[in-house]
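User: I have just opened this entry and would like a guided tour. Could we go through it step by step?

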Amino acid sequence: MIRNYIKTAFRSLLRHKAFSFINIAGLAVGISACFLIFLYVSFETSYDDFHAKGDRIYRVVTDTKTPSETISQGATTTPIAINTKKDFPEVEDAVRLGRDGFLVRRGDVKFQEERSVLADSTLFNVFDFPLISGDKNTALREPMSVVLSQTAAKKYFGNSNPMGQQIQLTGAAINAKITAVMKDIPKNSQIVADMFVSMSSTKQIYGQPTQDSEWTNHNYYTYLLLKPHADFKALQAKFPAFMEFHHGKEAKELQMQDFLSLEPLRDVYLKSKREGFVTGNINNVYIFSIVAVFILLIACINFINLTTARSAERAKEVGIRKVVGAARFQLARQFISESVIICLIAFIVSLIVCAMVLPLFNQLAGKEISGSIFNSPLDILNLFLLCVGIGVLAGFYPSIILSSFKPVSVLKGRFSTGTGGLMLRKSLVVFQFTISIVLIAATIIVYRQLNYMRSQDLGFSKEQTIVINTNYDKNKDAFKQSLSSVPGVLSTSYSSHVPGGGSNGAYSQVENKTGDMQKTNLDLYFVDFDYINQYNLKLIAGRAFSKEFPTDSTQAMVINESAARMLGYGSPQEAVGRKFDQWGRQGKIIGVLKDFHYKSLQQNITPLVMRIEPWGFGVISIKVAGNNLPATIKAIGNKWTQSIPNRPFEYYFLDEFFDRQYRAENNFGNLFLNFAVLAIFISCLGLLGLSSYSTLQRTKEIGIRKVLGASVSGIVNLLSVDFIKLVLIALIIAAPVAWFGMNKWLQDFAYRTNITWWVFALTGGVSVLIAFATISFQAIKAALANPVKSLRTE
């Protein structure tokens with residue numbers, strides 16, 4: 001019986017090749033898109049799943065409240081880890097992690113190791129980073145102990161055994177010992193590192209040990225491992241008393257109070273809004289999950305529509321089978337079997353498609369989601385079961401319709417498909433195009449937002465600027481002076497940060513409008529005398545730093561407009577001459593800068609201050625001429641090698657660096673665009689099939705109309721107008737849905753584009769044109785056909 005079902009199914013597929021192709025192609029594309037999105041969602045939601053004790057690990061985060069604001073931070077102060085472990089019996093262990101970028105040297109090999117992290121000796125007790133060699137209990141116990149990943153070990157030592165060998169860290173070439181080698185950290189880890197350096201090394205590296213009693217500097221990410229069955233919410237409720245005991249008196253004096261809370265490790269990557277090693281976006285996961293379901297629905301709707309549309313064609317087959325004794329359930333089973341076979345063929349095609357496009361998909365996603373679709377047999381099995389399920393569900397309704405035909409009616413030629421089936425098909429077409437139009441509109445809005453962020457006036461000049469990280473090298477001043485002889489170098493400036501590259505956070509007291517010394521935490525740039533001119537920042541009150549005023553290097557501060565407003569000043573000029581006290585420096589505000597976007601446009605411009613502090617200069621910005629750029633860069637590299645020979649020459653362009661902040665949104669837009677194209681493609685396949693069948697059914701009508709003098713354009717309009725109406729109905733439904741969804745998405749951006757009416761007009765126009773082009777292919781073919789051929793049997 002099963003063999004008979006299969007044989008009959010293949011006969012039907014071969015007899016109707018065009019409809020079989022449309023069904024299989026639509027399902028294959030839909031299943032492929034769904035599977036790729038499944039891989040993406042699975043990867044994003046799998047972050048930190050490899051830690052065996054992950055359900056007991058929590059990140060401690062801080063909300064610092066001052067009289068003027070609340071600052072949310074992912075990092076905490078140094079004593080948190082030490083004292084929580086000591087004060088709370090439910091805490092089994094704790095570890096601090098601090099991101100850094102060390103210059104690493106071994107002989108002639110030297111690298112700026114950006115993926116280096118300071119870590120407590122308890123690291124491997126809390127997290128599962130398996131060691132290939134070394135003891136996890138002692139690997140990070142002693143000062144200047146280093147644990148390398150396999151990749152880093154290969155980079156520095158080749159095929160030789162790195163255990164016990166020495167490398168040199170920082171420009172001072174401090175000896176460090178390799179005490180362990182770990183496996184490369186999985187790509188789905190929020191903690192990213194190729195080198196862990198023992199936390200006890202801070203005295204040798206920075207000249208001072210970790211400040212274990214300093215409760216105001218938020219320098220480290222702190223993770224707690226709770227004991228089994230410990231209630232993290234109950235622990236969290238004890239934190240206010242804990243902070244009051246350890247830091248209450250000082251917090252009141254400083255008017256800066258820290259409130260601690262816990263984030264489950266597996267929620268940090270997707271759900272936390274605070275900074276971290278790497279961060280994701282749970283909204284993107286939800287959006288793509290919905291898109292996958294919608295694309296699959298579109299493909300299934302195609303199948304249902306085309307199968308039910310062909311019901312009249314198979315009516316006599318059903319009638320004859322019933323006459324010779326076939327029961328209704330047998331017919332239903334046969335049609336479901338045909339549906340499942342089509343889906344299994346689509347499954348095989350989709351595996352081939354996914355294997356071919358996976359590298360491109362990884363590129364669009366901006367990360368390696370998977371090296372191969374065959375890496376996980378379980379995923380393939382799930383896809384197979386999904387296809388069988390689609391076959392059963394998509395074939396269920398057509399099988400009920402087809403198996404319900406009355407043999408007497410169909411064999412006498414009195415069969416009619418009825419209006420109910422027609423209305424259902426029209427409704428499903430509207431649903432298909434509603435989804436497609438929503439995706440097209442969403443794609444346009446995503447790209448408008450990306451373009452808005454890139455074209456927005458940032459308030460500073462970022463073009464033709466090369467940035468080099470000098471890492472506070474002692475020869476940095478000699479390097480800057482040497483650049484004056486390079487023809488293509490227009491200007492240079494040292495600073496602690498560049499726009500888009502973070503900032504210091506400094507506890508400060510600044511005189512406000514009422515004359516009080518307002519206590520607050522301010523973003524801080526250390527800059528030299530040339531920085532404001534170098535970046536073309538606009539002064540709206542007072543003056544810039546100047547070498548003509550000797551006190552500017554020790555007693556002057558420049559603030560931005562937002563800082564002046566935060567202090568209560570009605571005009572920027574009022575802030576000039578006011579006193580400040582910050583990190584041991586006292587002086588006066590000498591100028592106010594017009595606000596500029598020193599952070600991503602996803603964030604509001606916040607209060608920023610600048611001071612001259614040469615010890616804090618870590619990067620140099622070099623403005624270069626646009627002509628003969630390669631020669632200029634080569635000349636700068638030569639000067640670097642002469643002045644700072646112990647460090648590799650590594651640079652980046654500021655405009656590219658600033659745009660990297662939008663990499664996640666750019667990847668999101670690229671993926672969205674491709675899935676929107678797939679959705680409209682699948683919808684058009686279904687529309688092509690329906691229009692083809694509708695044209696086939698009306699062949700004789702078209703012949704009669706042509707004989708009576710109908711024009712080609714008139715017949716094309718006749719065959720197209722009903723389908724175009726369905727697309728317009730879909731547009732009316734889709735517009736408010738797309739507006740609501742994308743308006744919510746835009747709320748994540750402090751500076752965002754408006755959703756204008758022309759977005760939906762363009763979307764509607766594109767949809768109608770695509771639909772008309774799809775339908776008119778068959779309509780024109782029918783209109784140009786010889787009417788004699790269609791009427792010769794009449």
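User: To begin, what percentage of the residues in the chain is buried?

Analyst: This is a predicted model. In it, buried residues make up 52% of the 794 residues in the chain.

User: How many helices and strands are there?

Analyst: The chain contains 27 helices and 23 strands.

User: And what does the C-alpha trace span along its principal axes?

Analyst: The C-alpha trace spans about 105 × 60 × 55 Å along those axes. The accessible surface of the chain comes to about 35,600 Å², and 57% of that surface belongs to carbon and sulfur atoms.

User: What share of the contacts with a separation of 6 or more comes from residues 24 or more positions apart?

Analyst: Such residues account for 80% of those contacts.

User: Which residues does phenylalanine 675 touch, leaving aside neighbours within four places in sequence?

Analyst: Phenylalanine 675 is in contact with Ala33, Ile37, Phe288, Val291, Ile295, Phe361 and Leu439, once neighbours within four places in sequence are left aside.

User: Where on the surface is there a nonpolar patch, that is, which residues form one?

Analyst: Leu378, Leu381, Phe384 and Leu385 form a nonpolar patch on the surface. Together these four have about 370 Å² of accessible area. Phenylalanine 384 lies in helix α13, residues 377-403. Its relative accessible area is 34%, so phenylalanine 384 is partly exposed.

User: Next, the strands. What does β8 pair with?

Analyst: Strand β8, residues 166-169, pairs with strand β4, residues 91-106, in the antiparallel sense over 2 bridges. Strand β8 is also joined to strand β9, residues 174-182, by 4 bridges, again antiparallel.

User: How many residues lie between β8 and β9?

Analyst: These two strands form a hairpin with 4 residues between them. Threonine 170, in the turn, has a positive phi of about 65°.

User: And β20, which strands pair with that one, and in what sense?

Analyst: Strand β17, residues 539-542, pairs with β20, residues 585-593, in the antiparallel sense over 3 bridges. Strand β18, residues 556-560, pairs with β20 in the parallel sense over 5 bridges. Strand β19, residues 579-582, pairs with β20 in the antiparallel sense over 4 bridges. As for facing residues, glycine 542 stands opposite glycine 591, isoleucine 559 stands opposite valine 592, and phenylalanine 580 stands opposite glycine 587.

User: What is the phi of tryptophan 583 in the hairpin of β19 and β20?

Analyst: Tryptophan 583 takes a positive phi near 50° in that hairpin, which has 2 residues between the strands. Most residues other than glycine have a negative phi. At 41% relative accessibility, tryptophan 583 counts as partly exposed.

User: Asparagine 628 has a positive phi as well; where is this residue found?

Analyst: Asparagine 628 is found in the loop between β22 (619-624) and α21 (629-643). Its phi is near 55°. With a relative accessible area of 55%, asparagine 628 is exposed.

User: Now lysine 462: buried or exposed?

Analyst: Lysine 462 has 10% relative accessibility and therefore counts as buried, the cut-off being under 20%. The residue is found in the loop between α15 (418-455) and β13 (465-469). Leaving aside neighbours within four places in sequence, lysine 462 is in contact with Leu654, Asp655 and Phe658.

User: Last one: where is leucine 226?

Analyst: Leucine 226 is in strand β11, residues 218-226. This leucine is buried, with a relative accessible area of 1%. Beyond its neighbours within four places in sequence, leucine 226 is in contact with Arg56, Tyr58, Glu90, Val91, Glu92, Phe232 and Leu235.

Definitions and conventions. Residues are numbered from 1 along each chain as its sequence is written. This is a predicted model: local features need pLDDT of at least 70, side-chain atom pairs count only at pLDDT 80 or more; totals for chains, interfaces and linings use all residues. Side-chain values use heavy atoms; hydrogens and water are left out. Patches are made of residues with over 30% relative accessible area and no salt bridge: like charges are joined within 9 Å, nonpolar side chains (Val, Leu, Ile, Met, Phe, Trp, Tyr) within 5 Å. Accessible areas come from the Shrake-Rupley method with a 1.4 Å probe; for residues, only the protein chains shown count as cover. A salt bridge is a side-chain nitrogen of Lys or Arg within 4 Å of a carboxyl oxygen of Asp or Glu. Buried means under 20% relative accessible area, exposed over 50%, partly exposed in between (1.4 Å probe, protein chains only). Contact means heavy atoms within 4.5 Å. Two strands pair if DSSP finds at least two bridges between them.
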